[in-house]
Amino acid sequence: MAHNFDVVIIGGGILGTSLSYFLSFLNKSKKVAVIEQAQNVAFHTSGRNTGKVHAPYLYNPEKKKLFANAAFHGFDMWEKYSKLHDLPFKKDGVIEVALDRKGIKVLEKYLRWAKQNGLEENDIELMDKSEIKKIEPEIKCEAALYVYRDGSADYSAYTESLMKDSKDNGTTFLLDTKVTETKKENGKWKITLNEEHEIFTEFLINAAGGEAVDIAHNVGVATELTDVHFRGEYWKAPKQYNKLTKTSIYSVPEFPDYPFLDPHWIIRVDGSCEIGPNAVPVFSPYGYNKAENIKEFVPKMLEMLGSGARKAIFDKQFQELAMNEIQSSMSKSTMVERVKRFLPKIDPEKIVEKGTAGIRSSIINEKGKFEPDVILLDDEASFHILNYNSPGATGALPFAAHIVNHLHKSGLFSSETNDAQCGPWKFSEIIEKIEKK
């Protein structure tokens, strides 16, 4: 194994792998490595989400401009990439329902945001309940947004394909490898792997998802921020429900400032249906089971009590919402009932099998507030991507191109050519799109 690299990316999720993909085309003479502690790329959040290619109607164009723009262009890029590699992609749309007057106001706001974020008239439509009834007779609601430019994908397959492309261009992937220490030595980063091997790199990119904050803290970056983890659980619907609706259904979130999403009715790219996710507070980015959460409970609570998260966890509304989510984890019917409000035909008795659980990590600042947007931090010879949440998978390709371009412009490592052909795209054309406006 080579021990010296020009760039090391920590994190083999969809973002870390997308970063390696573009670097491998643009910097062919550079030695790039991706370190992933799981046995495969996209093993955690990237492969455990709803599998949706989200249209940017949920994102405030002022507060989440870059995310919204990445999601908008991500749709076309994934569609093109999936065709090139014969991977599953379905333009199947999504419906966001409002169950009351307050919800209709939110849908009207989403429609405005959608247009500001680039969606056209024929991409999205606000319908009253009689119009939606004609298309989806099983839905019960007051009004709905039908978003046509929304899709379903298999992000695990996409990430594995990106890894293959990246490897073909010379990138090293160190899977099943945990970063146990990172420190500066003689002007380089010395990274200890699995507590025994050492590698060195000139430049470090932290795209570690649920562990990104811990890695940033280890090198003295973003010390005022802390993260909280939420496990999103799913229930599988039996085959008899597979044709209940033609498209996935989301409902307007009741508390948009918190990462608690009302569960959705999801149709996956393979046609199977699920209910989920909830957002159960857990104590580790790998808190899928009791043992891991018990092990991490005390250190995580101490970290949170010593940071801005203290204000969040003592907030009455947060406590109430957290208890509701814990209840939805303990009681299947609590979760199913939330979806039954807009799909009354579902019988909780018929839903017996659990789906995949995924964990998302949200960042709380020193004021005790959840950070609404991704946080990008430049440090000396390192770059950190924190709070990279939904619609992270949708926008991963254009977002990664944006970061690589930023690093080139900062002169941290110069691009050999900014006009390189990266698979089906010219790099300069992606940048033009993502950075316009």
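Predicted model: local features only at pLDDT ≥ 70, side-chain atom pairs only at ≥ 80, totals over all residues.
Let me begin with E138, which counts as partly exposed because its relative accessibility is 24%, where partly exposed lies between buried, under 20% relative accessible area, and exposed, over 50% (1.4 Å probe, protein chains only). Residues are numbered from 1 along each chain as its sequence is written, and side-chain values use heavy atoms, with hydrogens and water left out.

E138 forms a salt bridge with K345, with 3.2 Å between the closest N and O atoms; by salt bridge I mean a side-chain nitrogen of Lys or Arg within 4 Å of a carboxyl oxygen of Asp or Glu. This pair links distant parts of the chain, 207 residues apart, with E138 in the loop between α4 and β7 and K345 in the loop between α10 (332-340) and β19 (353-354); helices (H or I, at least four residues) and strands (E, at least two) are DSSP runs, numbered from the N terminus.

In a second salt bridge, E142 meets K129 at 3.4 Å, N to O, and here E142 is partly exposed at 34% relative accessible area, as is K129 at 42%.

The pair of E274 and R268, by contrast, joins at 3.1 Å, N to O, with E274 buried at 5% relative accessible area and R268 buried at 17%.

Finally, E185, K190 and E198 are linked in a network of salt bridges, and the count by this rule comes to 15 salt bridges.
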